[in-house]
Each structure stands twice: as C-alpha cells, then as structure tokens.
Amino acid sequence: ESSPSCTAKPAAAEQKDYVEALTKKLGSMMAGATDIVTLQPETFNTVAAAVSFKLDGATYYGFMARSFGFEQMDIYVVIDENGAIAKVDAKQIIREEEYFANFAGMPYGYMEGFVGQTSETWNDDIAMIATATISSNAMKQATKDAFAAFNSIK
C-alpha cells in the first residue's frame, strides 16, 4: 500500500504579506517617506510587518501589528531612530460602538498621547480607553510588540 503524497508548506508560505498594507498606510501617516526597506525583526508576536524609511533626513521604523481586540485590529506604530513613538494609528479602534453604552468617541488626543513614548517611559495606562477594555488591550499589546521589534532591530 502506498500512502498519498503530502507536501507540507512552511507556515510562513501561508501567511499574508502585510508589508504592502503598511507601506500604503505610511503614505498617509508619514507623507514624503522614501527609501522604504522591508525588515524582519526577531520579535514577531503581533507585529505582521516592519519597514524602515527616511523622512526629512531622519530614519524611522514602521510596524503593523495585528492585535486582537473586539476583532482583529490593524494597528500602525512609527518609531523614530531614537526609539520614541512618532505616530500611532489604527484602521478602526471601536467597531461596535452600540455595545459601549458610555463610549462617546475616542478621547481627545488619544493617539497623540502615544507620541514621544519610549520603551522606558511607556506604561499600559496610556493605551486605556474608558469602557473599551478589549480595544485598549489590543493597543497596549501592539505598542509593546512594536517596541520589542524595534529593540530587536536596533
């Protein structure tokens, strides 16, 4: 008897390439970015794509994390060459607003609260959104993973 031939593909071959989505998002987040280079950080976790790029003579690192909040969330973190967050964005943070009775929209300046944070100054409270614990946890995890990926590259 012969058994059917089975060819296994490495898990990475089945993974979607998120570099294109990250690069497209950087076009609006960091307009004018040039010299975009795909990176393979040692630390993966929720980070699905990583790139380096130049903007106004400085080097930046962009990360796309796919953290699980209410659903899978695409979160973008840009870290400057000194290890400080330059910008954070997410495709959508709260998807089902009707489930959050006390939720009245994103707190003013929420994303700006991440700017300037480093892996040394970061604390989990920065990611907290009142009544949206699951989304807050997704933002917290994505940010920690972006710092870990940045530190593995540097």
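**An aromatic pair and its surroundings**

Tutor: Tyr61 and Phe150 are both buried, where buried means under 20% relative accessible area, exposed means over 50% and partly exposed lies in between, with a 1.4 Å probe and protein chains only. Before going on, please note that this is a predicted model, in which local features need pLDDT of at least 70 and side-chain atom pairs count only at pLDDT 80 or more, while totals for chains, interfaces and linings use all residues. Residues are numbered from 1 along each chain as its sequence is written, and side-chain values use heavy atoms, with hydrogens and water left out.

A search of the whole structure finds five aromatic pairs, a pair being two rings of Phe, Tyr or Trp (its six-membered ring) with centres within 6.5 Å, called stacked if the planes are under 30 degrees apart, edge-to-face if over 60 and tilted otherwise. Tyr61 and Phe150 form an edge-to-face pair, with 5.4 Å from centre to centre and 75° between the planes. This pair links distant parts of the chain, since Tyr61 belongs to strand S3 and Phe150 to helix H3, 89 residues apart. Helices (H or I, at least four residues) and strands (E, at least two) are DSSP runs, numbered from the N terminus.

Tyr61 counts as buried because its relative accessible area is 10%. Leaving aside its neighbours within four places in sequence, Tyr61 is in contact (heavy atoms within 4.5 Å) with residues that include Leu39, Val51, Phe53, Val77, Ile79, Phe150 and Ile153. The C-alpha atoms of Tyr61 and Leu39 are separated by 9.1 Å, although the two residues are 22 places apart along the chain.

Let us now turn to the sheet. Five strands form an open sheet in the order S1-S2-S3-S4-S5, with antiparallel pairing, and two strands pair if DSSP finds at least two bridges between them. Strand S1 (34-38) and S5 are the edge strands, each pairing on one side only. From one strand to the next, the twist averages 20°, where axes are lines fitted to C-alpha atoms, for helices over the stretch in contact, and angles run from 0 to 180 degrees between N-to-C directions. Strand S2 (residues 47-55) runs antiparallel to S3 and is joined to S3 by eight bridges, and Ser52 has Tyr61 in S3 as its bridge partner. H3 packs on the sheet, touching S2, S3, S4 and S5, and its direction makes about 140° with that of S3.

Further along the sheet, strand S4 (residues 72-80) pairs with strand S5 (residues 85-90) in the antiparallel sense over five bridges, and Val77, one of the contacts of Tyr61, stands opposite Val88 in S5. S4 and S5 form a hairpin with four residues between them, and Gly83 in the turn has a positive phi of about 90°.

Helix H3 (residues 133-153) also holds Thr143, which counts as buried because its relative accessibility is 0%. Apart from residues up to four places away in sequence, Thr143 touches Ile85, Phe114 and Trp122. Phe114 and Trp122 also belong, with Tyr110 and Phe147, to a cluster linked by ring pairs.
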